[in-house]
Amino acid sequence: MEYKSFLIKYGEIGVKGKNRYKFEDALVRQLGLALKPLGSAFHIVKEHGRIYVDMDGAYDYEDTIAALQRVFGVVSICPVLRLTERSEDAIAAEAVRFLREITAGEAKSFKVFTRRIDKNYPGTSEEISASLGAVLLDACPNLHVDVRNPEIRLNLEIRNEGILLYALSIPGPGGMPVGTAGHAMLLLSGGIDSPVAGYMIAKRGVQLEATYFHAPPYTSERAKQKVVDLARILARYAGPVRLHIVNFTDIQLYIYEKCPREELTIIMRRYMMRIAETIAKKNKGMALVTGESIGQVASQTVPSLLSTNEVCTLPVFRPLIGFDKQEIIERAEKMGSYETSILPFEDCCTIFVAKHPVTNPELSRIKKSEEKLAERIEELVETALRTEEIVLCEA
């Protein structure tokens, strides 16, 4: 079956009341961005609370479905026949042709589900379903009715603007369209967790930028490229991601020189949060996003999180906070970032980690240790911010 139209179904958008059109328009924009790399054969149409992707010319079905399944806000994708002829005989003829083609003569059970949105159309939904079902049984000997668990759910929608006929509903990612819930800054490392955290926040409609802390020569250009590649994978779902690459070497070395070894991770993390927040505020960011999970490493115990949070005035979102590692890995595999995340190029956190990092830091002691940095730390932070590299990462 060669489809020329897809019905895009959404969920939460439908309960947005008078603001619903804003969310629909955002979804249309994101659909356009997702389909743009596939060519110009696609036309996105919004009609009476429904969104369609219509094709005008050749297209690749599998690639198109894959692109649509990466658009947050999409609950399901239904390849449809859009009929202009509204007579009962015309609908029945198309339904017979449709089922013959998709079953290819195989024995199948079916049920007809009718939605009569156009209340001027004669008959009730139940009457139309029964009449069409009888025609299909006569015309297709391979079919039989199963009202409880049909193999084929034939959907007929009778709308004012036309007739829809479809049997397939392909799940989308759900969530809300990116760009409908403000902007946030993701602290993106080369690990497994942070790309997944970005994915989950973007799924709630948040537009993302990202900050990566690079420490040459201790971390290589291949490590930096790995993070760029992760940002591009994230961009498949979140749209274009501006990646801010901050040279953190001098700050790390200064902390290493002046502060107790067991506190290095916490203090470095606090300066990362300060710098990421500064960049976020400069770019209209409203929150920070991290991939932290309680107890996964020393810097992610509850006392450690308290210490890092203390330097921030923006809210810090941690969508993975209650996940175990296997749950995070499964989500990374699903979004396609896992194989890149496990490439053996270490980031600056792993290079400078202490042998026995503190797991129950006292905030007063951490602040006291930071006083030893007073002579040069502000200058080093200003230099790091002034020399940041920005890479636009697109899918």
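User: Leaving aside neighbours within four places in sequence, which residues is Gln30 in contact with?
Analyst: Val71 and Val178, where contact means heavy atoms within 4.5 Å. This is a predicted model, so local features need pLDDT of at least 70 and side-chain atom pairs count only at pLDDT 80 or more, while totals for chains, interfaces and linings use all residues. Residues are numbered from 1 along each chain as its sequence is written, and side-chain values use heavy atoms, with hydrogens and water left out.

User: What does the side chain of Gln30 reach at 3.3 Å?
Analyst: The backbone oxygen of Val178.

User: Is Gln30 buried or exposed?
Analyst: Gln30 counts as buried because its relative accessibility is 12%. Buried means under 20% relative accessible area, exposed over 50%, and partly exposed in between (1.4 Å probe, protein chains only).

User: Which helix is Gln30 in?
Analyst: Helix α1, residues 20–35. Helices (H or I, at least four residues) and strands (E, at least two) are DSSP runs, numbered from the N terminus.

User: New topic. How many residues are in the largest nonpolar core?
Analyst: 45, and those with the most contacts inside this core are Phe6, Ile8, Leu136 and Leu154. Helix α3 (residues 88–103) gives the largest share, six residues. A nonpolar core is a set of buried Ala, Val, Leu, Ile, Met, Phe, Trp, Tyr and Cys residues joined through side-chain atoms within 4.5 Å.

User: And what does the second core include?
Analyst: Tyr212, Leu234, Leu243 and Tyr338 are in that separate core, which has 39 residues.

User: How many aromatic pairs in the whole structure?
Analyst: Eight. Phe6 and Tyr61 form one that is tilted, at 5.9 Å centre to centre with 40° between the planes. Rings of Phe, Tyr and Trp (its six-membered ring) pair if their centres lie within 6.5 Å; planes under 30 degrees apart count as stacked, over 60 as edge-to-face and the rest as tilted.

User: Where do Phe6 and Tyr61 sit in the chain?
Analyst: Phe6 is in strand β1 (residues 5–10) and Tyr61 in helix α2 (residues 61–68), 55 residues apart. Phe6 counts as buried because its relative accessibility is 0%; Tyr61, at 26%, counts as partly exposed.

User: Which residues do ring pairs link into a cluster?
Analyst: Tyr3, Phe6, Phe42, Tyr59 and Tyr61.

User: Last one. Which ring does the charged end of Arg82 sit over?
Analyst: Tyr52, at 3.9 Å from the ring centre. A charge sits over a ring if NZ of Lys or CZ of Arg is within 6 Å of the ring centre and within 35 degrees of the ring normal. Arg261 lies over the face of Tyr256, 4.0 Å from the ring centre.

How values were computed. A polar contact is a pair of N or O atoms within 3.5 Å; within protein, one must be able to donate a hydrogen and the other to accept it, and residues adjacent in sequence count only if both atoms are side-chain atoms.
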